[in-house]
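Trainee: I would like to go through this model and check what each label rests on. Can we take it one label at a time?

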Amino acid sequence: MSLHESSALSHQPSDSAPADLDAADRARILAKAALFSPPPAQLADGRRDLVGMSREEITAELAEIGEKPFRTKQLWHWIYHQGVTDFTKMSSIARPLQQKLAERFIVGRPEAATVQTSTDETRKFLFRFRDGQEAETVYIPDRREDRGAVCISSQVGCTLSCTFCHTGTQKLVRNLGAAEIVGQFMAARDSYNEWPSPKGETPRLLSTIVLMGMGEPLYNYENVAKAMRIVMDGEGIALSRRRITLSTSGVVPLMDRCGEELGINLAVSLHAVRDDLRDQIVPLNRKYPIAEVLAACRRYPSASNARRITFEYIMLRGINDSEADARELVRLIGGLPAKVNLIPFNPWPGSDYKPSTREQQAKFAQIVMDAGFASPIRTPRGRDILAACGQLKTESERRRAAAPASAE
């Protein structure tokens, strides 16, 4: 079936989420997520990683070794404000307790298996976790100011199979744990020596988090939410919810939950304005069609003119980039506090798609802008190290694909 042929699937628009169906769908998604649970955050010798634990969990662990709750605040400060990984350098903690902690716990980081820096200063990390699985993280510095975004992965691989996305060709292996998610940001901070956490208006290089790396973050909601609560804690890393953006392909029931519980910024990977086309390039659309995704956007509690919902739109030549598509996009998002990120397709080996011409990108953007929506055309970053949007796929996966099959 070509991308312009009609889908056989019918879609029923919905302006609101029926509570019973929504609850059942959430339960189904969370049950499926459990099948891809990360391994326990501990070493083979039994020591547990304090990174990724909530304050309550740290307090409970300390109680088991006879320590009082105030120690949690001390540890939190050293781990998340100072970025210290060595108990002996936690000077406000007495030496006997430092030793006791070191016997039972670690303050871990994912291993940076490779680090590549692009000619445009984008930096890509291939992080290896304790079970040998890997995921990629990208730091994208701002071109004009001393700040930038850390693009974090939430899964090893991805289950969505969006046809334009290189990451989507890597099958889902497992979810990342809270320690592995927050650990990506902490390891990136290590790389830029940005500890202790900047306070107040002090400029910080790693100024925002975008959950736009490998995986669909809402299919790993529990671990993502736990990690982001740690990141937002005012006595540690202390990033404001306004500086965190979660990108989803439209997992409607958990869009609602994310808005209610976290209130972070929302980005939606839309990429098409018709269900028949979106069914094919974003297969999740068959479950949650455009009307339902947009209804969830209208319900999103923190959306406002000050905090607009971002619609990501990949520009595919001759597929979704016509002026008619632009006008329909404007109609669909009418009345929403929104902006549109137009993303030139980033070619990758084996893909049949071509990026829209610059002329067509400009025509599309102008129609959206004339309707009152900001519609910047994203400048691809890190293309030379395959760090651009849609290009993430772990080096180990590429190596395995390139290796000759072993004889059986």
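Trainee: How many salt bridges does a search of the whole structure find?

Mentor: The search finds 29 salt bridges. Keep in mind that this is a predicted model.

Trainee: What makes R47 and D45 a salt bridge?

Mentor: Their closest N and O atoms are 3.0 Å apart. The cut-off is 4 Å between a side-chain nitrogen of Lys or Arg and a carboxyl oxygen of Asp or Glu, so the pair qualifies.

Trainee: Why is D45 called exposed?

Mentor: D45 has a relative accessible area of 53%, and exposed means over 50%, so the label holds. R47 is at 25%; buried means under 20% and exposed over 50%, so R47 counts as partly exposed.

Trainee: Why is D276 called buried?

Mentor: D276 has 15% relative accessibility, and the limit for buried is under 20%, so D276 falls on that side. D276 forms a salt bridge with R274, with the closest N and O atoms 3.0 Å apart. R274, at 27%, is partly exposed.

Trainee: What makes R331 and E328 a pair about one turn of the helix apart?

Mentor: Both residues lie in helix α10, residues 323–333, and they are three residues apart. R331 is exposed at 56%, whereas E328 is partly exposed at 24%.

Trainee: Which residues are linked in a network of salt bridges?

Mentor: The network links R55, K73, D233 and E235.

Trainee: Which element gives the largest share of the lining of the second largest pocket?

Mentor: Helix α5 does, with three residues. The pocket has a volume of about 510 Å³. Of its 26 lining residues, P39, P40, A41, R130 and A179 are the closest to its centre. The elements that give two or more residues to the lining are β1 (48–49), α2 (55–64), α5 (178–192) and α6 (221–232). By type, the lining divides into ten nonpolar, five polar and eleven charged residues.

Trainee: How do you know what confidence the predictor has in the model?

Mentor: From the pLDDT: the mean for the protein is 88, and 87% of its residues reach 70 or more. Over residues 1–17 the pLDDT stays under 50, and the model has 36 contacts beyond four places in sequence for them. Residues 398–408 are also below 50, with eight contacts beyond near neighbours in sequence.

Notes: Residues are numbered from 1 along each chain as its sequence is written. This is a predicted model: local features need pLDDT of at least 70, side-chain atom pairs count only at pLDDT 80 or more; totals for chains, interfaces and linings use all residues. Side-chain values use heavy atoms; hydrogens and water are left out. pLDDT is the predictor's confidence in each residue, from 0 to 100. Contact means heavy atoms within 4.5 Å. On a 1 Å grid over the protein atoms alone, a cavity is a set of points where a 1.4 Å probe fits but cannot get out, and a pocket is an open set with protein on both sides within 12 Å along at least five of seven lines; lining residues have an atom within 4 Å of a point. Grid points are joined across faces, edges and corners, and a volume is the space filled by probe spheres set on the points. Helices (H or I, at least four residues) and strands (E, at least two) are DSSP runs, numbered from the N terminus. Ala, Val, Leu, Ile, Met, Phe, Trp, Tyr, Cys and Pro count as nonpolar, Asp, Glu, Lys and Arg as charged, and the others, Gly among them, as polar. Buried means under 20% relative accessible area, exposed over 50%, partly exposed in between (1.4 Å probe, protein chains only).
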